[in-house]
Amino acid sequence: MFHSSRQKSMIFNNESDMSMMRKKANENFKATHPECSEFFMTHDDERLICRRFERQLIQFCNVFDEPSYFKNIKCTAMNYLKRFYLKHSAMEFYPQNVMFLCCYFACKVEEFTISIDQFVSMLEESLRYETGSFILSNEFLLMEALDYSLTVYNSYRPLDGFFIELKSLYGNERVDILRKHALSFINDAILTDVTLLYSPSQIALASLVYSAEQNNLDISDYVKSLTSEDSMLDKLLQVISDIRKHLQMNYKFQITSTKLKELEQKCHSIGKHLESDGEEDSADENQQEGRVSKRRKTVDDMETNATNG
């Protein structure tokens, strides 16, 4: 069930709201880390590199053998990844690391039992230690970014509900014809911000209408039966149209290998700066702890001498 409280925390009114959040995360990082200014990215550039890893997330989830788990894990992980970068900058947290973090955490939430060792064993050997350490160190950070709203409802389930109703109206053969294009539509929708703007049932219905058009089938009577008023039907049809426009825009998305390499290089350069600063801070803390320990020892010695005296 898609509760209103969930809608409030996970569904946004428009793309402008999300764009403002991404821009704020970008500006916050720049204000906090001026030493990395030569490698700064715009929030649009950050969105480009994030979208590149959103596609890689889908490819990575193909490693799961069980189809039902694959669908749930990829939808949940993708939702986590998109929401994470509404509050954090890709300059601070490299999207590849966060992508794996979201996938691993989605496995937990979707009750797909897998240990961290098993999970990282699916990665290239050079990535295993760093990725495993990042995941174990940042699960709480991810939960904070998600406002602890971890349950994700995807569009596959309401689509199955529509199919059950359509079978009673049109028969199994017509439903089987509709299934392929409808599932393809939802798979494409996952890669867009549609899932943060519309409810799963709205996306599922849009996929159904799209599939009917692709297969020259008329399901207009069924769509009309979903609302009791003409005004509500107009709003529903407008939502379906808006969702399809989002997907059409996404089909035009492209990023050249040169641009991608440039952005990844900036991320790596910033990461080295932050790692270097972290090591310096750690060294300063160790020196300070050493001074405190010496003071404590001196005080203890003085107290011992005074007692003996």
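**Cavities, pockets and helix contacts**

Modeller: The lining of the second largest cavity divides by class into 4 nonpolar, 3 polar and 3 charged residues. Nonpolar means Ala, Val, Leu, Ile, Met, Phe, Trp, Tyr, Cys and Pro, charged means Asp, Glu, Lys and Arg, and the others, Gly among them, are polar. The model is predicted: local features need pLDDT of at least 70 and side-chain atom pairs pLDDT 80 or more, while totals for chains, interfaces and linings use all residues. Residues are numbered from 1 along each chain as its sequence is written, and side-chain values use heavy atoms, without hydrogens and water.

Colleague: How many cavities of 30 Å³ or more does the structure hold?

Modeller: A cavity is a set of points on a 1 Å grid over the protein atoms alone where a 1.4 Å probe fits but cannot get out. Volume is the space filled by probe spheres set on the points, which are joined across faces, edges and corners. The second largest cavity has about 90 Å³. With the cut-off at 30 Å³ or more, the number of cavities is 3.

Colleague: Which helix gives the most to the lining of the second largest cavity?

Modeller: R22, A25, H43, E46, R47, C50, Y85, H88, S89 and A90 form this lining (an atom within 4 Å of a point). Two elements give two or more residues to it, helix 2 (15–32) and helix 3 (43–61); helices are DSSP runs of H or I, at least four residues, numbered from the N terminus. The most, with 4 residues, comes from helix 3.

Colleague: What volume does the second largest pocket have?

Modeller: A pocket is an open set with protein on both sides within 12 Å along at least five of seven lines. Of the 17 residues that line the second largest pocket, E15, R22, R47, R51 and D193 lie nearest its centre. Its lining comprises 6 nonpolar, 5 polar and 6 charged residues. The space in the second largest pocket is about 450 Å³.

Colleague: Which helix gives the most to the lining of the second largest pocket?

Modeller: The elements that each supply at least two lining residues are helix 2, helix 3 and helix 12 (230–251). With 5 residues, the most comes from helix 3.

Colleague: Which helix gives the most to the lining of the largest pocket?

Modeller: The largest pocket has about 550 Å³ and 19 lining residues, with Y94, N97, E130, G271 and E275 nearest its centre. By class these are 7 nonpolar, 8 polar and 4 charged. At least two lining residues each come from helix 5 (95–109), helix 7 (125–145) and helix 13 (257–308). The most, 7 residues, comes from helix 7.

Colleague: Why do helix 3 and helix 5 count as oblique to each other?

Modeller: Their axes are 9 Å apart, and they pack at about 40°. Axes are lines fitted to C-alpha atoms over the stretch in contact, with angles from 0 to 180 degrees between N-to-C directions. Under 35 degrees is roughly parallel, over 145 roughly antiparallel, 65 to 115 roughly perpendicular and the rest oblique. Helix 3 and helix 5 are therefore oblique.

Colleague: How many nonpolar residues are in the contact of helix 3 with helix 5?

Modeller: I49, C50, F53, Q56, L57, F60 and C61 of helix 3 meet P95, Q96, M99, F100 and C103 of helix 5, where contact means heavy atoms within 4.5 Å. No charged residue takes part, and 2 are polar. The nonpolar residues number 10.

Colleague: How is helix 8 (residues 156–170) oriented to helix 9?

Modeller: Helix 8 and helix 9 have axes that come within 10 Å and cross at roughly 160°. That angle makes helix 8, relative to helix 9, roughly antiparallel.

Colleague: How many charged residues are in the contact of helix 8 with helix 9?

Modeller: Helix 8 contributes Y156, L159, D160, F163, L166, K167 and Y170, and helix 9 contributes N172, R174, V175, L178, R179, A182, L183, I186, N187 and I190. Of these, 11 are nonpolar and 2 polar, and the charged residues number 4.

Colleague: How many polar residues are in the contact of helix 9 with helix 10?

Modeller: Helix 9 (residues 172–190) and helix 10 (residues 200–214) pack at about 130°, with axes 8 Å apart. I177, L178, H181, A182, F185, I186 and A189 in helix 9 meet I203, A204, A206, S207, L208, Y210, S211, A212 and Q214 in helix 10. There are 12 nonpolar residues and no charged ones, and the polar residues number 4.
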